[in-house]
Amino acid sequence: MSEEQTEQTVSLVDVLEEDEELEEEASAVLAGSDSDHCSYPQGYVKRQALYACNTCTPKGGEVAGVCLACSYKCHEGHDLFELYTKRNFRCDCGNGKFTELQCKLFPDKEEVNSLNKYSHNFFGEYCTCSRPYPDPDDKVEDEMIQCVVCEDWLHGRHLGCVVPDCVELQEMICESCMSKNPFLWTFAAHLAVPGESIEEVKEETAGTDESNMNLNQSEKVDDVMEPSSKRSRQETDLSCRLKELEATSQKRVQSGAVFWPSAWRSKLCSCNTCQSPVTFEAVTNEATSLRERANPCY
C-alpha cells in the first residue's frame, strides 16, 4: 500500500471516529428527540430535549416546557432557554399555559399536563445561586454539573465538596436531594467516590473484636454488599443491605453533593422494606441516567 493510500485510510478512520463522537454527543443532548413532530402524543416521554420560552411564558407567569420540534416550528425567533434533557415530561406547547400561542404541530392538547415537574431552570436560572447560564456577571470559569435526581445544574464551586477527577464517568446527586432521601447517605459511605466529606466514625459494637475493626475497607464493603456463599438463598433474599450497612462503623458526613461511580444502582438494596423509599427513577432506573456532563446551554 502506498504512503498516499495509508494517509487516506487514516484520515477516513479519523472522520468516522469524529462522526461517532458527534452522534454520541447529539444523543446525549437531544435524547433521540424528533425535530419534526411534537412529542405530545407520546405522553410523558422517558427522556427528551426540552426548552422554555421566555417570550411566551416569562418569569412571574406560568411555567411551561416545549419539545424540540415545537421549539423550531412554534417558537422560531423567540427567546428560548435550552434545558438539555428532562425525564417524564409532556410537551406544553399551546396548552392552557399559553394565552396567545397555538401549537402548529399538535394543537389538540389538554389544558395542563398535571404530571410535569418544573424548576427554576424553566425561567433560565440554575444552581443554588439561581443565576443564568452563561452569566454575564460571573467572571469565574466553572464547570456546571447536573444532579441526576432534581436535574438542576450546579456550579462546581457550589456543590459543597471537591469535584473528583473523571467527573464525566460519574453521576452527581446534590446535597438537597441527598437530604430528601436520607437512606442514600448510608450507601454513599460505602459506594460513593471518595472525597473530602467522607470520614470514618469508629463505634464500639458488641461482639466486634480488634481484628474485625482492622479489616481493610474494601473487604468490609465486599462482605456487606456481596453476601457470603455459605448463606442460604433464603437468607440472602431476606437480608436488607441498608440495615447491614447501617450496622457498620463506616459513616459519611451528611453534607455536600455526592458523586457515584458506574453501576452504583445495582448495589442498592432491593428488599421489600427498601422498595418503598426507593421509588424515584433517577435512583433505581439506570436507563434514565445521564453519562454526559455537558453544560445546559450552548
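Is A247 buried or exposed? Keep in mind that this is a predicted model. A247 has a relative accessibility of 57%, so it counts as exposed, since the cut-off for exposed is over 50%.

**Around A247**
- You'll find A247 in the loop between α8 (241–246) and β7 (258–260).
- Along the chain, A247 and T186 are 61 residues apart, and their C-alpha atoms are separated by 10.0 Å.

**A three-stranded sheet**
- Three strands make an open sheet in the order β2-β1-β3, and the pairing is antiparallel.
- β2 (66–67) and β3 (80–89) are the edge strands, as each of them pairs on one side only.
- Strands of a sheet pair through backbone hydrogen bonds, either parallel or antiparallel.
- β1 (residues 45–53) and β3 run antiparallel and are joined by seven bridges.
- If you want to look up a bridge partner, take R47: its partner in β3 is R87.

**The loop between β3 and β4**
- P134 sits in the loop between β3 and β4 (144–146), and a cis peptide bond with omega of about -5° joins Y133 to P134.
- S130 is also placed in the loop between β3 and β4.
- The phi of S130 is near 50°, which is positive even though S130 isn't a glycine.
- S130 counts as partly exposed because its relative accessibility is 33%.

**Another positive phi**
- C166 isn't a glycine either, yet its phi is positive, at about 55°.
- Look for C166 in the loop between β5 (153–155) and β6 (171–173).
- With a relative accessible area of 46%, C166 is partly exposed.

Definitions and conventions: Residues are numbered from 1 along each chain as its sequence is written. This is a predicted model: local features need pLDDT of at least 70, side-chain atom pairs count only at pLDDT 80 or more; totals for chains, interfaces and linings use all residues. Side-chain values use heavy atoms; hydrogens and water are left out. Helices (H or I, at least four residues) and strands (E, at least two) are DSSP runs, numbered from the N terminus. Buried means under 20% relative accessible area, exposed over 50%, partly exposed in between (1.4 Å probe, protein chains only). Two strands pair if DSSP finds at least two bridges between them.
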